[in-house]
Amino acid sequence: MTENGEATPLVVLTNVNKHFGNLHVLRDINLTISRGEVVVVIGPSGGGKSTLCRTINRLETVDGGTVTFDGRPLPAEGRALAMLRAEVGMVFQSFNLFAHKTILENVTLGPTKVRGMAKAKARALGMELLDRVGIGAQAAKYPAQLSGGQQQRVAIARALAMNPKMILFDEPTSALDPEMVQEVLDVMIGLAADGMTMMVVTHEMGFARRAADRVVFMAEGSIVEESTPQEFFTSARTDRARDFLSKIL
Ligand code: ADP
Ligand code: MG
């Protein structure tokens, strides 16, 4: 197998540490994500989950340890960093769509600007992806004309348009009205089934049980437990995790 061959884990964090001033936000994080794996990260607010996500596409730098993606250390800047951000899609709690662009334009912007794809080809791809997330019929509308669940599905289509090797989801359903949560989770379950590598910060335990290969429980900047969803939900090993579960289940 070559250095970047299929056997290499897609993401490897080794002894990663991160501070914001005096706050030690990531503490000796060791985490490996294999290709096609779905890792669900759960834990109390302020525990470092978002920061962990953001270190993988280098929206945050680390001040100790190493992060590799696809067998290489994360690029620091320039074209290589732009390519990394294209290869690692990110879907946030707030959908962050461009308000003055149509749904289709929101999806085609990345492929045309970053990938240099021809406009016609990008439009065809965009329509295909909007159909895949179930909103092809809304392509000509603007974000404000869509429900939250629909906007989040557009955000997923936009990430997919870059043909990412991985997608990071940071609480993708937390801002949604309850009746819209499942339509977004269903799209994510479909992606997982199609083999997309995903790291998902969520408190949706139904999703974790159904789609996760692994659950990572994080608190106060540390990975406290790492196990299969089955193990985690039936027999969490630490008091910290059991206490957290008793509050959310
Ligand atoms: P979580 O996503 O688990 O709620 P975060 O990664 O967002 O946790 O935050 C971890 C800690 O780092 C929190 O105490 C938060 O207030 C702090 N923090 C996050 N981002 C910044 C930042 N840019 N500057 C300073 N402190 C931050
Ligand atoms: Mg967060």
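A polar contact is a pair of N or O atoms within 3.5 Å; within protein, one must be able to donate a hydrogen and the other to accept it, and residues adjacent in sequence count only if both atoms are side-chain atoms. The model is predicted: local features need pLDDT of at least 70, side-chain atom pairs count only at pLDDT 80 or more, and totals for chains, interfaces and linings use all residues. Residues are numbered from 1 along each chain as its sequence is written, chains are lettered from A and ligands numbered from 1 in the order in which they are written, and side-chain values use heavy atoms, with hydrogens and water left out.

**View 1. Polar contacts of ligand 1.** Oxygen atoms of ligand 1 lie 3.1 Å from a backbone N or O atom of glycine 47, 2.9 Å from a polar backbone atom of serine 50 and 2.6 Å from a side-chain N or O atom of threonine 51. The protein buries 58% of the 570 Å² that ligand 1 exposes when taken alone (Shrake-Rupley method, 1.4 Å probe).

View 2. Helices are DSSP runs (H or I) of at least four residues and strands (E) of at least two, numbered from the N terminus. H6 covers residues 178-193. Its buried residues (under 20% relative accessible area, 1.4 Å probe, protein chains only) include Met180, Val184, Leu185 and Ile189. The buried residues of H6 pack against elements including strand E3 (38-42), helix H4 (119-132) and helix H7 (205-211) (contact: heavy atoms within 4.5 Å).

**View 3. The end of H6.** Glycine 195 follows H6 and has a positive phi, near 95°.

Definitions and conventions
Expected span 1.5 Å × (residues − 1). Buried < 20%, exposed > 50% of the residue type's maximum accessible area, 1.4 Å probe, protein only.
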